[in-house]
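Trainee: Could you walk me through reading a fold, one feature at a time? I would like the general idea before each case.

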Amino acid sequence: MFLARQDRLVLLKVARTVDTGFDELTQQLHITAQDAAGEMVRLSLPYNSEWKKVFARLEKEQGASGTESFHALVRFEGNELQPVSYLRSVQLTSLKLDL
């Protein structure tokens, strides 16, 4: 009953970003990406006022399809994958801290 929450995390190799868009109905930013195996994966970030700048930057940077490959640390939240941080080459970007 009082157990600590166990986050389920996975490191996902993203080959390229395919599409980025904000869903006004669910208030989430969706990033569609292709993983290293060629499968399409949808990453979702729920909107809140603290994330306003992050959303704008992610939409700008990842809106163009074909974004270079990177690794994404993602958290399982129910049936959704929520990105936590990105690793490109030697640059680590924490979505909450760095953007």
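**Reading the fold**

Mentor: The protein chain has one helix and six strands; helices (H or I, at least four residues) and strands (E, at least two) are DSSP runs, numbered from the N terminus. This is a predicted model, in which local features need pLDDT of at least 70 and side-chain atom pairs count only at pLDDT 80 or more, while totals for chains, interfaces and linings use all residues. Residues are numbered from 1 along each chain as its sequence is written, and side-chain values use heavy atoms, with hydrogens and water left out.

Trainee: In what order do the elements of the protein chain run from the N terminus on?

Mentor: The order is β-β-β-α-β-β-β.

Trainee: How do I judge which strands pair?

Mentor: Two strands pair if DSSP finds at least two bridges between them. Here strand β1 (residues 9-23) and β2 run antiparallel, joined by eight bridges, with Val14 opposite Asp35 in β2. Seven bridges join β2 to β3, again as an antiparallel pair, and there Ile31 stands opposite Leu43 in β3. Towards the end of the list, strand β5 (residues 80-88) and strand β6 (residues 91-94) are antiparallel with four bridges; Leu87 faces Leu92 in β6 across that pairing.

Trainee: What should I look for in the turns of the hairpins?

Mentor: Look at phi. Most residues other than glycine have a negative phi, and most peptide bonds are trans. In the β1 and β2 hairpin, with four residues between the strands, Gln27 takes a positive phi near 60°, although Gln27 is not a glycine. Gln27 is also partly exposed, with a relative accessible area of 35%; on this scale buried means under 20%, exposed over 50%, and partly exposed in between (1.4 Å probe, protein chains only). The hairpin of β2 and β3 also has four residues between the strands, and Gly38 has a positive phi near 90° there. In the hairpin of β5 and β6, two residues lie between the strands, and Ser89 in the turn has a positive phi of about 55°.

Trainee: How much of the protein chain counts as buried?

Mentor: Of its 99 residues, 33% do. Strand β2 (residues 28-35) is mostly covered, with seven of its eight residues buried.

Trainee: Can we look at a polar residue, say Ser44? Is Ser44 buried or exposed?

Mentor: Ser44 counts as buried because its relative accessibility is 1%. This residue sits in strand β3 (residues 40-46). A contact means heavy atoms within 4.5 Å, and, leaving aside residues up to four places away in sequence, Ser44 touches Gln28, Leu29, His30, Glu80, Leu81, Gln82 and Pro83. The side chains of Ser44 and His30 are joined by a polar contact of 3.0 Å. That term stands for a pair of N or O atoms within 3.5 Å; within protein, one must be able to donate a hydrogen and the other to accept it, and residues adjacent in sequence count only if both atoms are side-chain atoms.

Trainee: Which residue makes a polar contact of 2.9 Å with the side chain of Gln34?

Mentor: Arg16, through its side chain. Gln34 belongs to strand β2.

Trainee: Last one: how many aromatic pairs are there?

Mentor: Rings of Phe, Tyr and Trp (its six-membered ring) pair if their centres lie within 6.5 Å; planes under 30 degrees apart count as stacked, over 60 as edge-to-face and the rest as tilted. The count comes to two aromatic pairs. Phe22 and Tyr47 form an edge-to-face pair, 6.0 Å centre to centre with 75° between the planes. This pair links distant parts of the chain, 25 residues apart: Phe22 is in strand β1, and Tyr47 is in the loop between β3 and α1 (52-62). Phe22 counts as partly exposed at 29% relative accessibility, and Tyr47 counts as partly exposed at 34%.
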